[in-house]
Amino acid sequence: KGELRMQGLTFDDAGMYQCIAENMHGIIYANAELKIVASPPTFELNPMKKKILAAKGGRVIIECKPKAAPKPKFSWSKGTELLVNGSRIRIWDDGSLEIINVTKLDEGRYTCFAENNRGKANSTGVLEMTEATKITLAPLNVDVTVGENATMQCIASHDPTLDLTFIWSLNGFAIDFEKEHEHYERNVMV
């Protein structure tokens with residue numbers, strides 16, 4: 001295939017590479033530059049969110065995505081407590097922290113530490129719990145004669161500090177009320 005593979009790159013491998021293909025009809029060239037990147041972790045371009053919201057009893061993923069080369073090793077703390085993988089907490093390979101069955105005790109300051117052979121850095125955010133959104137009145141099955149109108153209701157309770165949006169879908173596809181206003185009508189009751 002004319003493929004060149006390199007393993008265990010060092011700075012000495014950086015430079016301009018040239019591929020030459022030839023046959024009895026002639027010769028052609030193609031050039032490419034290989035840059036070797038090495039940098040300590042930095043959160044300057046992608047800091048952790050300062051405020052992370054999690055629903056009570058739900059699942060939250062806190063992202064930790066510093067720029068670093070080579071890929072850093074990650075660790076997490078909540079306050080001064082170092083976190084380890086367990087039944088409710090998991091540190092992903094990409095550095096993200098997952099918490100399931102979130103409770104009030106999970107609220108607090110979370111810090112992601114990233115370290116490689118070039119250095120280390122950390123970023124901190126605060127996890128706050130909100131009340132879970134719940135459907136309190138679900139739509140019911142309706143039998144309607146062709147040509148008649150049908151009305152379906154959906155009511156939900158939610159944390160008062162958050163906005164709530166209702167999305168209706170038909171067979172898995174969201175209904176566009178702007179485009180289909182002659183067929184569907186949305187009534188929002190406060």
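The model is predicted, so local features need pLDDT of at least 70 and side-chain atom pairs count only at pLDDT 80 or more, while totals for chains, interfaces and linings use all residues. Residues are numbered from 1 along each chain as its sequence is written, and side-chain values use heavy atoms, with hydrogens and water left out.

Start with the overall division. The protein splits into domain 1 (40-130) and domain 2 (132-189). These bounds come from an automatic or database domain assignment. The domain centres, taken over C-alpha atoms, are separated by 36 Å. UniProt, in an unreviewed entry, lists residues 41-128 as "domain: Ig-like". Its positions are given here in the numbering of this text, with feature names shortened, and such annotations may be inferred rather than shown by experiment. The span 41-128 is 0% helix and 53% strand. Its end C-alpha atoms lie 26 Å apart. Helices (H or I, at least four residues) and strands (E, at least two) are DSSP runs, numbered from the N terminus.

Strand S1 (residues 15-23) and strand S2 (residues 26-34) run antiparallel and are joined by nine bridges. Two strands count as paired if DSSP finds at least two bridges between them.

Strand S3 (residues 39-42) contains Ser 39. Ser 39 is buried, at 17% relative accessible area. Buried means under 20% relative accessible area, exposed over 50%, and partly exposed in between (1.4 Å probe, protein chains only). Contact means heavy atoms within 4.5 Å. Not counting residues up to four places away in sequence, Ser 39 touches Ala 68, Ala 69, Asn 116 and Arg 118.

Now follow S11. Strand S7 (residues 73-78) runs antiparallel to strand S11 (residues 108-116), with six bridges between them. Lys 78 has Tyr 110 as its bridge partner in S11. S11 also pairs with S12, again antiparallel, over nine bridges. Two residues lie between S11 and S12 in their hairpin. Arg 109 stands opposite Val 126 in S12.

Which strands build the core? The largest nonpolar core has 21 residues. A nonpolar core is a set of buried Ala, Val, Leu, Ile, Met, Phe, Trp, Tyr and Cys residues joined through side-chain atoms within 4.5 Å. Val 60, Ile 62, Trp 76, Leu 97, Ile 99 and Tyr 110 touch the most other members. Two or more residues each come from strand S4 (51-55), strand S5 (60-62), S7, strand S9 (89-91), strand S10 (97-99), S11 and S12.

Leu 97 shows how these elements meet. Setting aside neighbours within four places in sequence, Leu 97 contacts Val 60, Ile 61, Ile 62, Trp 76, Leu 83, Ile 89, Arg 90, Ile 91 and Tyr 110.

Ile 89 gives the view from S9. Ile 89 counts as buried, at 16% relative accessibility. Beyond its neighbours within four places in sequence, Ile 89 contacts Leu 83, Val 84, Leu 97, Glu 98 and Ile 99. Pro 47 is 42 residues from Ile 89 along the chain, and their C-alpha atoms are 21 Å apart.

Thr 130 lies in strand S12 (residues 119-130). Thr 130 is buried, with a relative accessible area of 7%. With neighbours within four places in sequence left aside, Thr 130 contacts Leu 53, Ala 54, Ala 55, Lys 56, Asp 159 and Leu 162.

Move on to the loop between strand S13 (134-137) and strand S14 (155-157), where Asp 143 sits. Asp 143 counts as exposed, at 81% relative accessibility. From Asp 143 to Leu 45 is 98 residues in sequence and 55 Å in space, C-alpha to C-alpha.

The last stop is a ring pair. The structure holds one aromatic pair. The rings of Phe 177 and Tyr 184 have centres 6.3 Å apart and planes at 75°, so they are edge-to-face. Rings of Phe, Tyr and Trp (its six-membered ring) pair if their centres lie within 6.5 Å; planes under 30 degrees apart count as stacked, over 60 as edge-to-face and the rest as tilted. Phe 177 is buried, at 16% relative accessible area. Tyr 184 is partly exposed, at 23%.
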